[in-house]
Amino acid sequence: MCEMGVKLKLYHHPCDFHSGIAGGIEICITFPTEYVKTQLQLDERANPPRYRSIGHCVRLTIQEHGVKGLYRGLSSLLYGSIPKSAVRFGMFEFLSNIAKDSNGKLDNKRSLLCGLGAGVAEAVLVVCPMETIKVKFIHDQSSSNPKYKGFFQGVREIVREQGLRGTYQGLTATVLKQGSNQAIRFFVMTSLRNWYLGDNPHKKMNPFITAAFGATAGAASVFGNTPLDVIKTRMQGLEAHKYKNTLDCAYQILKKEGLLAFYKGTVPRLGRVCLDVAIVFVIYEEVVNVLNKVWKTA
């Protein structure tokens with residue numbers, strides 16, 4: 001992402017910590033959009049659908065569970081925000097330092113592959129269990145007899161009933177989604193950054209420019225892989241037993257609900273992802289700049 005050189009490899013953990021904190025704050029602000037997105041993706045037309053629109057989902061949730069109902073499943077993403085950022089940016093830096101050319105520059109194509117590797121790593125190590133727990137908690141709230149009372153009790157119940165495998169449902173779909181997520185985001189971000197810097201790698205990037213590029217990268221990933229996000233959500237819900245595997249889930253959605261079903265929850269996801277990616281990349285770039293200055297004066 002930035003011209004860090006070999007020395008900065010030792011310092012990527014503070015970046016990960018700060019981006020994780022930034023991600024946690026962003027999640028607390030925007031989680032209702034994540035909640036609505038998940039509910040819309042779980043809502044099957046064949047049942048028939050429970051929610052008529054985004055506004056109807058919000059109104060019904062508040063009516064039945066109060067405002068706190070819009071934050072069901074937040075704890076899972078909150079606990080996972082720092083480890084997720086640590087794995088994502090740590091793996092990206094590790095791979096990008098290997099992939100850079102002799103001038104220390106990372107081209108657009110290699111950034112895509114580095115992003116893909118970072119996305120797969122975070123999916124396997126952090127995101128899959130984090131997302132599985134979140135989806136189950138949100139889905140449980142809509143059931144006639146909710147059984148998850150809190151984060152730790154809920155996790156214990158999931159493990160008791162299904163074993164640790166119960167926290168890793170939809171792994172294939174999660175790997176595909178996160179891999180494509182980060183491949184698209186890092187590719188777009190690196191492309192825009194390289195375009196902006198031109199032949200001057202030392203040109204200063206305003207945080208607002210970084211935020212705009214980050215939001216664009218986030219939007220590109222939403223439009224590029226929302227179908228995978230829908231499949232992942234269905235595979236992690238309380239009725240995942242209906243699907244034999246990822247392909248069967250995709251086939252059943254297409255057969256019973258049509259192509260448009262693969263883009264359920266796009267609008268709320270777009271709002272949250274654009275803000276998320278913009279904030280995280282700004283924090284990431286600013287912390288890296290500070291660390292570079294510290295290194296030079298040390």
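**Exercise 1.** Which backbone oxygen lies 2.3 Å from a polar atom of the side chain of lysine 264?

*Solution.* The structure is a predicted model, in which local features need pLDDT of at least 70 and side-chain atom pairs count only at pLDDT 80 or more, while totals for chains, interfaces and linings use all residues. Residues are numbered from 1 along each chain as its sequence is written, and side-chain values use heavy atoms, with hydrogens and water left out.
Begin by locating lysine 264, which sits in the loop between α8 (246–257) and α9 (266–297). The backbone oxygen in question belongs to aspartate 43. Next, follow the side chain of lysine 264 to the side chain of glutamate 257, with which it makes a polar contact at 3.1 Å (a pair of N or O atoms within 3.5 Å; within protein, one must be able to donate a hydrogen and the other to accept it, and residues adjacent in sequence count only if both atoms are side-chain atoms).

**Exercise 2.** Describe how helix α6 packs against helix α7, and then how α3 is placed relative to α6.

*Solution.* Two packed helices are described by the angle between their axes and the distance between the axes. Axes here are lines fitted to C-alpha atoms, for helices over the stretch in contact, and angles run from 0 to 180 degrees between N-to-C directions.
For α6 (residues 171–197) and α7 (residues 207–236), the angle is about 165° and the axes are 8 Å apart. α6 is therefore roughly antiparallel to α7 (angles under 35 degrees count as roughly parallel, over 145 as roughly antiparallel, 65 to 115 as roughly perpendicular and the rest as oblique). The contact of α6 with α7 comprises 14 nonpolar, 11 polar and 5 charged residues, where Ala, Val, Leu, Ile, Met, Phe, Trp, Tyr, Cys and Pro count as nonpolar, Asp, Glu, Lys and Arg as charged, and the others, Gly among them, as polar.
For α3 (residues 74–99) and α6, the axes come within 13 Å and cross at roughly 60°, which means that α3 is oblique to α6.

Methods
Helix = DSSP H or I, 4+ residues; strand = E, 2+ residues; numbered from the N terminus.
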